[in-house]
Structures are given as C-alpha cells and as structure tokens.
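I opened this notebook to keep track of what I look up.

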Amino acid sequence: MDALYQNLIALDRWKLILSGLGTTICIALGAIVIGTLIGAVLALMRISRSRLLRGISTLYITVIRGIPMVTQLMIFYFIFFAPTNVPKLVVAIISFGVNSGAYCAEIFRSGIQGVPVGQVEAGRSLGLSGAQTMKLIILPQAFKAVLPTYTNEFVVLIKETAVASYIALVDLTKATDQIRNATFNAWVPLLTAAVIYLCMTLGLSALFARLERRMARSDRG
C-alpha cells in the first residue's frame with residue numbers, strides 16, 4: 001500500500017498519469033482520423049487506371065511502411081518541423097497519421113478489391129455511374145469486410161504512441177517512467193501503464209466488435 005501511495009497518490013502523481021493518458025488518446029484519435037483520410041485517398045489511387053496515381057500511392061506506401069515509426073517521428077520533429085513552432089503534440093499526431101495512412105490504404109484497397117466484380121456490373125446495369133457504384137455499393141460492403149482489420153490498426157496505433165517520448169512528449173508511457181525515476185519503483189508505475197493500455201485496447205476491440213455485430217444484424221434484417 002505504501003508503494004501505491006508513493007507512486008500514485010503522493011504529490012498528486014496520478015494527475016501526471018491522467019495528463020499522459022490524455023496525450024496518448026489525443027495522438028491516437030487525431031492520427032487515426034488523418035490515417036483514415038490518407039488511406040482512403042491512397043486506396044482509390046492504387047486501384048485507379050492512372051499509372052501515375054498508382055505509382056505515387058505505391059511509392060508512398062512502400063516508403064512509409066519500410067521505415068520504423070520512431071524514425072519517422074524523429075524525422076518529422078527534428079527535420080521537417082524543426083524550423084517551425086508547431087507544438088510537439090501536433091507533430092506527433094501528423095507523424096502517426098502519415099504512418100497509419102499507409103497501412104489503412106492497404107486495408108481499404110484489399111476490402112474494395114474483395115467485393116465481387118458482379119456487384120460492380122449490377123450497379124452499372126442499374127444505371128449508376130462509376131462514382132455512384134463505388135459510393136453506394138462497393139464502399140459499404142468493403143467497410144464491413146475490413147472492419148476487423150481496421151480495428152486492429154487502431155489498436156496497434158494506440159500502442160505505438162508509446163514512442164512519442166522520443167521527442168520529449170509526455171504521453172502515458174513517459175509519465176509513468178518519470179514517476180519511476182522519481183520513486184525508484186518500477187513495478188507500480190509501469191504496471192499501471194500496462195493495465196491502462198490493456199483496458200483501452202480491450203475496450204476499443206469490444207466497441208468495434210459490437211458495431212460489427214450490429215451491421216451483421218442489419219444485413220440479416
């Protein structure tokens with residue numbers, strides 16, 4: 001009990017953990033929004049008839065997926081944004097979002113290409129344009145197909161935010177590490193961080209699983 005008090009209660013150290021948690025959630029939410037938007041655009045570019053668009057999207061995906069996330073984060077912070085006054089939090093959100101975009105692109109592309117060709121032909125036979133067929137027929141089916149994989153990307157993103165400390169950003173991991181340095185006790189702060197991360201990922205997985213079941217019921221209904 002004394003260890004819990006010293007690591008979580010004394011000097012209001014729980015506030016540091018709460019602040020770090022807020023930073024982690026902010027990075028993850030901001031990054032998944034950016035990643036989803038980038039991924040959607042890149043996925044459409046990947047399946048387009050334009051060789052140029054396919055080449056650009058392939059290059060982006062190849063480069064981003066081939067470089068470690070922590071390296072990308074430091075490149076953005078120490079090179080691209082070094083001459084600016086952009087806050088560290090914004091840099092982290094952009095960095096993680098750009099990285100997530102490459103993975104979301106492949107997730108969405110596989111979902112779109114997984115829809116049977118007959119669905120496209122059915123849409124065109126109904127007089128729908130290519131854009132209308134994509135919007136009304138292909139994308140809804142693709143979204144349902146990729147939802148589990150998309151959920152996994154979100155979960156991975158939450159855990160990857162732990163490297164934000166490389167640019168001196170106090171996220172959940174960094175906050176608990178600061179407490180460890182102050183109290184010389186590794187068990188309580190680090191296990192606290194582990195439990196919080198586990199609760200977030202399990203909660204997110206349960207939320208998306210519920211959404212998936214609802215969509216399945218709506219299809220049957």
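**Entry: overall make-up**

I started with the secondary structure. I found nine helices and zero strands in the chain. Read along the sequence, the pattern is α-α-α-α-α-α-α-α-α. I noted that this is a predicted model.

Next I looked up the extent of the chain. Its C-alpha atoms fill a box of roughly 70 × 50 × 25 Å along the principal axes. The chain has 221 residues, and 38% of them count as buried. I also checked how far contacts reach along the sequence. I took the contacts between residues at least 6 apart, and 76% of these join residues at least 24 apart.

**Entry: helices H2 and H8**

How do the axes of H2 and H8 cross? I looked at H2, residues 13–46, and H8, residues 172–183. Their axes come within 7 Å and cross at roughly 155 degrees. An angle over 145 degrees counts as roughly antiparallel, so H2 and H8 are roughly antiparallel to each other.

I then listed who makes the contact. From H2 come Arg13, Leu16, Ile17, Gly20, Leu21 and Thr24. From H8 come Leu172, Ala175, Thr176, Gln178, Ile179, Ala182 and Thr183. Sorted by class, the contact has seven nonpolar, five polar and one charged residues.

**Entry: salt bridges**

How many salt bridges does the structure hold? I found four. As a reminder to myself, side chains of opposite charge can pair when their charged atoms come close.

I took glutamate 106 with arginine 46 to begin. The two form a salt bridge, and their closest N and O atoms are 3.3 Å apart. Glutamate 106 lies in H5, residues 88–113, and arginine 46 lies in H2, so this pair ties together parts that are 60 residues apart in sequence.

Is glutamate 106 buried or exposed? Glutamate 106 is buried, at a relative accessible area of 16%. The cut-off for buried is under 20%. Arginine 46 is partly exposed, at 24%.

Glutamate 106 also meets arginine 65 in a salt bridge, with 3.8 Å from N to O. Arginine 65 sits in H3, residues 51–66, and glutamate 106 in H5, so this pair ties together parts that are 41 residues apart in sequence. Arginine 65 is partly exposed, with a relative accessible area of 40%.

Which residues are linked in a network of salt bridges? I wrote down Arg46, Arg65, Glu106 and Arg109.

Then I went back to H8. There the side chains of aspartate 177 and arginine 180 meet in a salt bridge, at 2.8 Å from N to O. Both residues lie in H8, three residues apart, about one turn of the helix. Arginine 180 is partly exposed, at 27% relative accessible area.

**Entry: cysteines**

I searched for disulfides and found zero. Cysteine 104 is in no disulfide. The nearest cysteine sulfur belongs to cysteine 26 and is 18 Å away. A disulfide needs the two sulfur atoms within 2.5 Å.

I compared accessibility next. Cysteine 104 is buried, with a relative accessible area of 0%, whereas cysteine 199 counts as exposed at 51%. The cut-off for exposed is over 50%.

**Entry: asparagine 99**

I placed asparagine 99 in H5. Is asparagine 99 buried or exposed? Asparagine 99 counts as buried, at 3% relative accessibility. I then looked up what asparagine 99 touches, leaving out residues up to four places away in sequence. The list is Ile64, Met69, Gln72 and Glu160.

**Entry: alanine 168**

My last stop was a backbone angle. Most residues other than glycine have a negative phi. Alanine 168 has a phi near 60 degrees, a positive value in a residue other than glycine. Where is alanine 168 found? Alanine 168 is in the loop between H7, residues 130–160, and H8. I also noted its accessibility. Alanine 168 is partly exposed, with a relative accessible area of 46%.

Terms used
Residues numbered from 1 in each chain as written. Predicted model: local features only at pLDDT ≥ 70, side-chain atom pairs only at ≥ 80, totals over all residues. Heavy atoms only, no water. Axes fitted to C-alpha atoms, helices over the stretch in contact; angles between N-to-C directions. Helix = DSSP H or I, 4+ residues; strand = E, 2+ residues; numbered from the N terminus. Parallel < 35°, antiparallel > 145°, perpendicular 65-115°, else oblique. Contact = heavy atoms within 4.5 Å. Nonpolar A, V, L, I, M, F, W, Y, C, P; charged D, E, K, R; others polar. Buried < 20%, exposed > 50% of the residue type's maximum accessible area, 1.4 Å probe, protein only.
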